[in-house]
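Q: I would like to learn how to read the packing of helices in a model such as this one. Could we go through it step by step?

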Amino acid sequence: MSAARRALGRTSLLATSGAAVAALLLSACGSGGTSGGGGDTNFVAGADGIDTVEKGERAAAPDLSGKTIDGGQLDVADYKGKVVVLNVWGSWCGPCRAEAKNLETVYQDTKDQGVQFVGINTRDTSTGPALAFEKEFGVTYPSLYDPTGRLMLRFAKGTLNPQAIPSTLVIDRDGRIAARTLQPLSEEKVREMLDPVLAEK
C-alpha cells in the first residue's frame, strides 16, 4: 500500500472516530463505567432506550456505599425491600440539569409506595457544585459522592451498568438490576422504567 493511501486511510479513520465521539457527546455528557453488551447479557434493549431484564435473570447490584455529598454515609443495600432508582449525574452536565426536576417529581410521588431514589454524583472535583445543583433543582434524595467514578466501575461487565452521564437504573426489591437507560429522562420515562418493577410482587 502506498504512503498516500495509508495516510488517506488514517484520515478516514480519524474522521470516523471523531464523528463517533461527537455523537456520544451530543447524546450524553460523557461515558464512564464498564463496557456492557456482548456475550450472555440477558437484557432486552428496548426501542425506547430502556433496557430491561426478566425477574429471574437479573444480576445483583454491586456494593454502592460511601460518603454522600453532604458528608453523611449511605449504603444502597440498606434499602433492600424497596425499589431503588439510581441516577448517575454531575453538576456540570447539561442533560443532568434537564432531568433533575423530573426525577425529584417522581420521587415525591412514589416515596410513600416503597421507592427510594439515590444519586451518584461523579466527576465533580468538590462537593460545592453538587450541593448547589441540588439546591437549584430542589433535589431532596441523597447522593453518593464519587468524583473518580469508582462506584460505576463496580458493576460487572455484561450487566446493566451505567455507561454514560446521565445514566439511570432501577434496582428491584431484592437488590437486583431490573432496568437501565443512558439518556436524560422526562417524568413519563422515569415512570415507564419504574412502574413495572414497582408492580412486581
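Q: What describes two packed helices? At what angle do helix α2 and helix α3 pack, and how far apart are their axes?

A: Two packed helices are described by the angle between their axes together with the distance between those axes. In this predicted model, helix α2, residues 94-110, packs against helix α3, residues 127-137, at an angle of about 45 degrees, and their axes are 9 Å apart. Because of that angle, α2 counts as oblique to α3.

Q: Is the crossing of α2 and α3 left-handed or right-handed, and which residues make the contact?

A: The crossing of α2 and α3 is right-handed. From α2 the contact draws on Cys96, Arg97, Ala100 and Lys101, while α3 supplies Phe133, Glu136 and Phe137. Sorted by class, this contact of α2 with α3 holds 4 nonpolar and 3 charged residues, with no polar ones.

Q: How do α2 and helix α4 cross, and within what distance do their axes come?

A: The axes of α2 and helix α4, residues 187-198, cross at roughly 50 degrees and come within 8 Å, which means that α2 is oblique to α4. The crossing of α2 and α4 is right-handed.

Q: Which residues make the contact of α2 with α4, and how do they divide by class?

A: On the α2 side the contact is made by Asn102, Leu103, Thr105, Val106, Asp109 and Thr110, and on the α4 side by Glu187, Val190, Arg191 and Leu194. The residues of this contact of α2 with α4 divide into 4 nonpolar, 3 polar and 3 charged.

How values were computed. Residues numbered from 1 in each chain as written. Predicted model: local features only at pLDDT ≥ 70, side-chain atom pairs only at ≥ 80, totals over all residues. Heavy atoms only, no water. Axes fitted to C-alpha atoms, helices over the stretch in contact; angles between N-to-C directions. Helix = DSSP H or I, 4+ residues; strand = E, 2+ residues; numbered from the N terminus. Parallel < 35°, antiparallel > 145°, perpendicular 65-115°, else oblique. Left-handed = near helix turned anticlockwise from the far one by under 90°. Contact = heavy atoms within 4.5 Å. Nonpolar A, V, L, I, M, F, W, Y, C, P; charged D, E, K, R; others polar.
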